[in-house]
Amino acid sequence: MQLPTAIKSEEGLLGSCLLDPDKIGKIDIHENDFYDQRNAKLWACLLEQYSEGKVMDDFTIHSYITDKGYMEIIGGEERLIDLQTVAVIPAYSQSYAEDVRKASKLREEIRILEEGMGLAY
């Protein structure tokens, strides 16, 4: 059985925030809402940099991720660049976030149901 995912929306959300970092503070999403662990780690880095009040642009985001030692974990420099081409309209970031949250919630419900079924047997 394939768990519910929203990989394209995860990428769209990240791309939107890379293009317009001010979106980060307006998105209510958590690292564990992401299915793709590369995306989860990138979101954690973006959120951390944003919450520290650091200037965020292509250069500073790249430097921050590299300095933290996460560039390979997130998929490398090429992936960081590619994500910025996924989201052509950063204004859709809330829609992408809703899709990511919905898939995350469904995965959590499945986990709870599976746990309950395991206890029943």
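**Close-up 1. The left-handed crossing of helices H1 and H2 in the predicted model**. Helix H1 and helix H2 cross with left-handed geometry. From H1, the residues in contact are Glu-10, Glu-11, Leu-14, Cys-17 and Leu-18, and from H2 they are Asn-39, Leu-42, Trp-43 and Leu-46. By residue class, this contact holds 6 nonpolar, 1 polar and 2 charged residues. H1 covers residues 7-19 and H2 covers residues 37-51. The angle between the two helices is about 25°, and their axes are 11 Å apart. Because angles under 35 degrees count as roughly parallel, H1 is described as roughly parallel to H2.

**Close-up 2. Packing of helix H2 with helix H3**. Helix H3 is formed by residues 58-68. H2 and H3 pack at an angle of about 115°, and 10 Å separates their axes. H2 is therefore roughly perpendicular to H3. The crossing of this pair is right-handed. On the H2 side, the residues that meet H3 are Leu-42, Cys-45, Leu-46, Glu-48 and Gln-49. Their partners in H3 are Thr-60, Ile-61, Tyr-64, Ile-65 and Lys-68. The residues of this contact comprise 6 nonpolar, 2 polar and 2 charged. Leu-42 and Leu-46 of H2 are listed in the contact with H1 and also in the contact with H3.

Close-up 3. Is Ser-104 buried or exposed? Its relative accessibility is 11%, so Ser-104 counts as buried, the limit for that class being under 20%. Apart from neighbours within four places in sequence, Ser-104 is in contact with Asn-32 and Asp-33. With Asp-33 there is a polar contact, made side chain to side chain at 2.9 Å.

**Close-up 4. Leu-106 of helix H5 and Thr-5**. Leu-106 is another residue shown from helix H5. Its relative accessible area is 37%, and Leu-106 is therefore classed as partly exposed. Buried residues have under 20% and exposed residues over 50%, so the value for Leu-106 falls in between. How far apart are the C-alpha atoms of Leu-106 and Thr-5? The separation is 8.9 Å, while along the chain the two residues are 101 residues apart.

How values were computed
Residues numbered from 1 in each chain as written. Predicted model: local features only at pLDDT ≥ 70, side-chain atom pairs only at ≥ 80, totals over all residues. Heavy atoms only, no water. Axes fitted to C-alpha atoms, helices over the stretch in contact; angles between N-to-C directions. Helix = DSSP H or I, 4+ residues; strand = E, 2+ residues; numbered from the N terminus. Parallel < 35°, antiparallel > 145°, perpendicular 65-115°, else oblique. Left-handed = near helix turned anticlockwise from the far one by under 90°. Contact = heavy atoms within 4.5 Å. Nonpolar A, V, L, I, M, F, W, Y, C, P; charged D, E, K, R; others polar. Buried < 20%, exposed > 50% of the residue type's maximum accessible area, 1.4 Å probe, protein only. Polar contact = N/O pair within 3.5 Å; in protein donor to acceptor, adjacent residues only side chain to side chain.
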